[in-house]
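Colleague: I've got a model to look at and a few quick questions. Can you put it up?

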Amino acid sequence: MTAVDVAEAPAYDIAALRAALGDVPVIDEPPLVKQKSRDFYWYSPVLKPQLKHKFADLIAVPRDEADVVRVAAACARLRVPLTVRGAGTGNYGQAVPLSGGLVVDMIGLDRIKHAEPGLVRVEAGKRMIELDRETRRVGPGPGWEQRMHPSTKRTATIGGFVAGGSGGVGSVTYGGMCEPGNILGARLVTCEDTPRVIELSGTDVGKVNRTYSTTGIMTEVTMPMAPAWPWRDTLVAFDGVMPAMGFGQALATSDGIVKKLATVIAWPIPASFKHLDVPKGRDLAVCMIASPSMAAFRELVREHGGELLCDEDAVAAEEDPERVPLYEYTWNHTTLQLLKVDKGITYLQSLFPVGRNLEMAEHMVAHFGDEVLMHAEFIRFDGKPTNSALQIVRYTDEARLNEIIDYHEAHDVWIANPHVYTLEGGSRHKRVVQDQQLAFKAEVDPYGLLNPGKMSSYVPVRT
Ligand code: FAD
């Protein structure tokens, strides 16, 4: 799939759009328009040449839901493509407008609408770090925090996470975003001549989860919350990646130890972690552990032959702009840290088979050697521990990358391919776009204007 496969955009009139937007704030300075048309697709040497010339014509910055309705109506009536943007930290060009038109920057919709113990209803443009900051004050007790967040928590928005993310810090306990109960509700605006506001709850939230804004402009989401623990950032060193993996598995299944992160990163990846000073040749486990569980955690480290290198206040690190919380070395930050010093690498996104994750990890480490370095996140999947892995790949060319992907898939390691920008291209063996999402798109986006080209199997029902 290349950018030229995307259907030619219909002609549209940006001057007419500007007039129709009335007093909705817009950005038209070319450098800013370019900047707000990009995300982190450049991690992929395959996507980089495909997306680097794709820009919007104009950015709208709605202040509230009424502005969003006005924007959607103007785009529908004038047939202008519309792509929604949170903070633009997606990795596969999810927020890149393939057909130009309008990018809608949601960052102005940042109010908490309702908060109670265990639940929050919040506008979609709220940054996740700010959300936790405010819900930690929801009493009684130490307050509440998001069950999970991407490692981009200090930048990303909650709407962008629901529409573009998959899981992250917290998934070792709560599973992925798509597990039932991890998103409670969504409120969205349709892209029709007279836009409607729709509320989704229960299994219907699957209609907007990870659909890259192709199925509506979310203005609010309702999320379940977890107790806000006093988290400790810990680093544990091992001699060998498989001892570290064994430790990660033991931690993931130690239900009495309250945890939020269990990551394994093979040497020499940590050599690029400038501020951490990891001893040469040691493989790492990066873990976030609730303070009351630290004694049991230390015991587990000892049993597995690990060496505890660091035990620090995680919330203080997250709140200090001068410091780097340890989760910013995990999930796709691991790739970023290495890319800072080595532009010749890229990455995979894998799901290891439940029950055989350690066996297959050992196999892949032995099979690929230094060409594919292990970086594994322990998660729960359907209630059982396994690995979501973002292995580091020494990049040669696209053909070799595809061979590596095929080898993993032939061994039951499912790849969510981060080197394609369509929803459908993410997997060769699993249907990623569900029937309910396709059917819902016909209801909410009859002209096919919402992030065109991303849900490539959709055929507009009206012209
Ligand atoms: P954007 O990138 O702006 O948007 C993401 C998608 O959501 C786009 O398709 C956009 O059109 C759509 N969208 C945004 N807002 C709305 C809305 N209000 N209504 C409808 N659609 C909307 N992802 C993970 O899942 N877990 C990780 O741990 C993780 N780590 C990362 C680490 C790094 C260093 C980087 C660069 C990326 C990482 N990501 C991760 C990807 C990304 O950061 C997250 O998915 C993040 O939640 C995206 O939020 P955002 O606000 O930046 O969304």
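Colleague: Which helix gives the most to the shell around the ligand?
Modeller: H6 does, with five residues. This is a predicted model, so local features need pLDDT of at least 70, side-chain atom pairs count only at pLDDT 80 or more, and totals for chains, interfaces and linings use all residues. Residues are numbered from 1 along each chain as its sequence is written, and side-chain values use heavy atoms, with hydrogens and water left out.

Colleague: Which elements each supply at least two residues of that shell?
Modeller: Strand E3 (82–85), helix H6 (158–164), strand E10 (217–227) and helix H11 (332–339). Helices (H or I, at least four residues) and strands (E, at least two) are DSSP runs, numbered from the N terminus.

Colleague: Which residues come nearest to the ligand?
Modeller: Val84, Gly86, Thr89, Thr157 and Gly167, out of 37 around it. Near means that a heavy atom lies within 4 Å.

Colleague: How do the shell residues divide?
Modeller: There are 16 nonpolar, 20 polar and one charged. Here Ala, Val, Leu, Ile, Met, Phe, Trp, Tyr, Cys and Pro count as nonpolar, Asp, Glu, Lys and Arg as charged, and the others, Gly among them, as polar.

Colleague: What lies 2.6 Å from an oxygen atom of the ligand?
Modeller: A polar side-chain atom of Thr157. Backbone N or O atoms also lie by ligand oxygens: 2.5 Å for Val84 and 2.9 Å for Ala87. The ligand taken alone exposes 980 Å², and the protein buries 97% of that. Those areas come from the Shrake-Rupley method with a 1.4 Å probe.

Colleague: New topic. How is the protein divided?
Modeller: Into domain 1 (14–107), domain 2 (109–227) and domain 3 (231–415). The bounds come from an automatic or database domain assignment. The C-alpha centres of domain 2 and domain 3 lie 26 Å apart. In domain 2, 19 residues are in contact (heavy atoms within 4.5 Å) with 27 residues of domain 3.

Colleague: What joins Trp267 and Pro268?
Modeller: A cis peptide bond, with omega about 15°. Pro268 is in the loop between strand E12 (259–265) and strand E13 (283–290). Most peptide bonds are trans.

Colleague: Last one. What is the average pLDDT?
Modeller: The protein averages 95, and 97% of the residues score at least 70. Over residues 1–7 the pLDDT is below 50. pLDDT is the predictor's confidence in each residue, from 0 to 100.

Conventions: Polar contact = N/O pair within 3.5 Å; in protein donor to acceptor, adjacent residues only side chain to side chain.
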